Amino acid sequence: MDTLETLSKNPTALNEAISHQLEIVKDFFQKDSGSEMVESLNTLIEAYLFTENLTRVTPQMREHIVNQLRVATLIAKLDASNLEITTL
């Protein structure tokens, strides 16, 4: 039985799990806002891509860049979701 199925059968455990996740997200955004983190990631990527002595971007670096952009998207979505929840 997977965790989600188990939690769905136990509303108390599900509520505790959701509360725990919300607390993790809240704590995550205490130091910097989502937009500040996304800006930092984008600045790092831009600095790398526009370095004058950059001869080529390797496939491995492309993969890292894609992963960084996915993280930036996740942070933006979590930040928006966190703002929605805190205004309820």
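**Helix packing in a predicted model**

Q: What kind of crossing does H3 make when it passes H4?
A: H3 passes H4 in a left-handed crossing. That means the near helix is turned anticlockwise from the far one by less than a right angle; clockwise would be right-handed. Helices here are DSSP runs of H or I with at least four residues, numbered from the N terminus.

Q: What sort of model is this?
A: A predicted one: local features need pLDDT of at least 70, and side-chain atom pairs count only at 80 or more, while totals for chains, interfaces and linings use all residues. Residues are numbered from 1 along each chain as its sequence is written, and side-chain values use heavy atoms, without hydrogens and water.

Q: What is the mean pLDDT of the protein chain?
A: The mean is 83, and 92% of residues reach 70 or more. pLDDT is the predictor's confidence in each residue, from 0 to 100.

Q: Which H3 residues meet H4?
A: Among them are Met37, Val38, Leu41 and Ile45. On the H4 side, the list includes Ile65, Leu69, Ala72 and Ile75. Contact means heavy atoms within 4.5 Å.

Q: And H2 with H4: at what angle do their axes cross?
A: Roughly 110 degrees, and the axes come within 10 Å. So H2 and H4 are roughly perpendicular.

Q: Which residues meet there?
A: Leu22, Val25, Lys26 and Phe28 in H2 meet Ile75, Leu78, Asn82 and Ile85 in H4.

Q: Is Asn82 buried or exposed?
A: Asn82 counts as buried, at 12% relative accessibility. Buried means under 20% relative accessible area, exposed over 50%, partly exposed in between (1.4 Å probe, protein chains only). Leaving out residues up to four places away in sequence, Asn82 touches Val25, Lys26 and Phe29.

Q: Where does Lys9 lie?
A: Lys9 is in the loop between H1 (3-8) and H2 (11-28). Lys9 is exposed, with a relative accessible area of 57%. The C-alpha atoms of Lys9 and Glu46 are separated by 47 Å.

Notes: Helices (H or I, at least four residues) and strands (E, at least two) are DSSP runs, numbered from the N terminus. Axes are lines fitted to C-alpha atoms, for helices over the stretch in contact, and angles run from 0 to 180 degrees between N-to-C directions. Angles under 35 degrees count as roughly parallel, over 145 as roughly antiparallel, 65 to 115 as roughly perpendicular and the rest as oblique.
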